[in-house]
Amino acid sequence: LEMLQQHRQAYQREAAALRQKGRYILVNTNLAVVNSAWGSLEKAVEVMVGASELPPAEARQVVLKAIEVESANRKTIVSLVKWMARELRGFRIVVRPHPAENASAWQDIPGIELVIGSNAIPWMLGAELVVHTGSTTGLEAVLLGIPCLNVGQPDQRLILDQVNCSIPSPQAAAEAI
């Protein structure tokens with residue numbers, strides 16, 4: 001715990017500067033296959049299968065399952081982000097896509113701030129709430145003591161559903177927020 005406190009303190013000044021601009025909810029997405037920076041779904045599948053230690057046929061099945069989950073999560077988080085931007089007065093809605101995502105896919109949503117290529121920790125520490133789609137930032141937020149909501153389809157391979165409040169639908173997430 002002492003090491004965690006030191007880690008928090010190292011980022012407090014930057015988090016305070018982010019909070020000075022106004023209260024905000026941080027949305028960290030994890031849609032690196034269906035919203036891939038690699039340019040196409042086919043290329044994302046190729047890269048992920050090639051990077052896997054599994055046999056190619058097995059790796060492809062894992063990636064195809066990830067596409068199914070991410071596709072559902074994308075619809076859920078986009079709907080929720082649009083609702084937050086429209087309905088949550090007094091809060092900035094900050095969207096921080098996964099580094100392997102095509103960040104430009106978020107640019108057409110009015111009322112959000114898009115953060116690209118930055119350290120997640122100061123943003124989490126400054127946030128009133130972290131909302132994510134199966135992202136490891138959900139575990140980091142819990143360890144940092146930040147309220148956190150995992151929105152989307154559960155993934156039993158990850159611990160996130162056990163350490164975060166996990167909600168599958170945008171309507172239920174809106175109620176929780």
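Which residue's side chain meets that of R23 in a salt bridge? The partner is E128, with 3.5 Å from N to O, where a salt bridge is a side-chain nitrogen of Lys or Arg within 4 Å of a carboxyl oxygen of Asp or Glu.

## Basis of the description

This is a predicted model, in which local features need pLDDT of at least 70 and side-chain atom pairs count only at pLDDT 80 or more, while totals for chains, interfaces and linings use all residues. Residues are numbered from 1 along each chain as its sequence is written, and side-chain values use heavy atoms, with hydrogens and water left out.

## Salt bridges

The structure holds five salt bridges.

R92 forms another of the salt bridges, with E113, the closest N and O atoms being 2.6 Å apart. This pair also links distant parts of the chain, since R92 lies in strand β2 (residues 92–96) and E113 in strand β3 (residues 112–114), 21 residues apart. R92 is buried, with a relative accessible area of 12%, whereas E113 is partly exposed at 31%.

## Helices α2 and α3

The axes of helix α2 (residues 41–51) and helix α3 (residues 56–87) come within 9 Å and cross at roughly 135°, the axes being lines fitted to C-alpha atoms, for helices over the stretch in contact, with angles running from 0 to 180 degrees between N-to-C directions. The two helices are therefore oblique to each other, as angles under 35 degrees count as roughly parallel, over 145 as roughly antiparallel, 65 to 115 as roughly perpendicular and the rest as oblique.

Helix α2 also holds both K43 and E46, three residues apart, about one turn of the helix. Their side chains meet in a salt bridge (3.5 Å, N to O), and K43 is partly exposed, with a relative accessible area of 35%.

Key: Helix = DSSP H or I, 4+ residues; strand = E, 2+ residues; numbered from the N terminus. Buried < 20%, exposed > 50% of the residue type's maximum accessible area, 1.4 Å probe, protein only.
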